[in-house]
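I am keeping short notes on what I looked up in this structure. The entries follow the order in which I took them.

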Amino acid sequence: MSSNDKEHLHPPAPVVDEVSDFEVLEIAVRELAIEKGLFTQEDHNQWTDYMHTLGPAPAARLVAKAWLDPEYKKVCVEDGVKASLDVGIDWVNTMPTKFGTPSDYCNLRVMEDTPTLKHVVVCTLCSCYPRPILGQSPEWYRTPNYRRRIVRWPRQVLAEFGLQLPEDVEIRVVDSNQKSRMIVLPVRPEGTEGWTEDQLAEIVTRDCLIGVAVPKPGVTANGKRPVRPAVNPYKH
Amino acid sequence: MTDINPDFIELDKQMSDRELDSSPIELLEKIKQEGRVWDELSEEYGVDNPDPPWRISLEATCDGLAGGYWAPFNICLPEEERQPVMADDNKIDSNERRWEEDKLVDQHYADVPFPERQLLALAHTMIRRGMISEDELAKHMKAVDERLHMADGLDD
């Protein structure tokens, strides 16, 4: 038996063993765009490779560091782009400078929660999202339902996410736009005294960074969200 | 409290004034009805990945079509270092694409899950803007499908 055979003794991971029409459509649209010179294959490859590296881990790390270091927290609040450098995200000089939408990498604002103030992020215009530090936006973030309702009834919408806030907590909805992207710096939860940065980073999930959840010891993943259409969206 | 983003109202006015044809497209209707979405496939095959493998590629295509590769709006760069802007008819502004996606999803693709609906809306937008034709998309899909099935029936 060769060493290669030994490596394959474990059962194979399940794969989808058929080609869907959607997969074919995605390839066809992309290849036609390239054929027509709208962008190059090389550019597409480079951007795809970069996008695959993105996720919420750097933002979670930023929050954990800020919880442990008051001086770093100040930097986060005053200059999110500078603070991002400490978690390996260079909004100005790394690959995104030459790619993507410019607002992805020009102005990150870190919105600090307090025990009486809760921030939540939305993009009412489309679905602006701080991709370099948070990865791809979740489906619900893109929907007109979330975008229209969170600014009108934030307390109710947060409750639908399972986040029920006391009446004395002010909710501030911050609107991402072409110039600025936001993440939330939540309040460090009780029960995390003496925790390491790694332990703290684990409980700062994507939803906590958008502001629709708060960190809790033992919770390290986002719940699945049902996506509902808007019943009465703007001008429809 | 901010209710409706003023930028959205302006965008909505601009886009409404353009009167884009949002009628259904036969090819995309067929895919909508017959195509198997990732939610269905991943459950059937026991795959954990919540997104289809082509999702990031689709995002990159959207960014490419926005002209982002040429950094036309890159205010981080000194003016002399910025790349040339693509001609308007060769790109789809991201906000316009998202506006059209919302509208098309509402009208035609509300029952299709994400990101399949994003893909259908993008193809719809490109066809209606004349960037590709329905016929050439159908032909290219056939060619891609044949290519992807070339190894079917061959021994490993």
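**Notebook entries**

I began with helix α5 of chain B in this predicted model: 13 of the 16 residues of α5(B) are buried, so the helix is largely enclosed by the rest of the structure. I then looked up its span. Helix α5(B) covers residues 94-109, and its end C-alpha atoms are only 19 Å apart.

Next I looked up Ile127(B), which sits in helix α6 of chain B, residues 116-128. Is Ile127(B) buried or exposed? I find it buried, because 20 other C-beta atoms lie within 10 Å and the cut-off for buried is 20 or more. Leaving out residues up to four places away in sequence, Ile127(B) touches Ile25(B), Ile132(B), Ser133(B), Glu134(B) and Leu137(B). I also checked Ile127(B) against Asp48(B): they are 79 residues apart in sequence and 33 Å apart in space, C-alpha to C-alpha.

Helix α2 of chain A (residues 21-35) packs against helix α4 of chain B (residues 55-65) at an angle of about 30 degrees, with the axes 10 Å apart. I therefore note α2(A) as roughly parallel to α4(B). Their crossing is left-handed. On the α2(A) side the contact is made by Glu26(A), Val29(A), Arg30(A) and Ala33(A). On the α4(B) side I list Ser57(B), Leu58(B), Thr61(B), Gly64(B) and Leu65(B).

Last, I looked up the domains of chain A. The assignment gives domain 1 as 19-52 and domain 2 as 55-210. Their C-alpha centres lie 30 Å apart.

Conventions: Residues are numbered from 1 along each chain as its sequence is written. Chains are lettered from A and ligands numbered from 1 in the order in which they are written. This is a predicted model: local features need pLDDT of at least 70, side-chain atom pairs count only at pLDDT 80 or more; totals for chains, interfaces and linings use all residues. Domain bounds come from an automatic or database domain assignment. Helices (H or I, at least four residues) and strands (E, at least two) are DSSP runs, numbered from the N terminus. A residue is buried if 20 or more other C-beta atoms lie within 10 Å of its own, exposed if 12 or fewer, and partly exposed in between; C-beta atoms are placed from the backbone. Two residues are in contact if their C-beta atoms, placed from the backbone, lie within 7 Å. The expected span of a helix is 1.5 Å times one less than its number of residues. Axes are lines fitted to C-alpha atoms, for helices over the stretch in contact, and angles run from 0 to 180 degrees between N-to-C directions. Angles under 35 degrees count as roughly parallel, over 145 as roughly antiparallel, 65 to 115 as roughly perpendicular and the rest as oblique. A crossing is left-handed if the near helix is turned anticlockwise from the far one by less than a right angle, and right-handed if clockwise.
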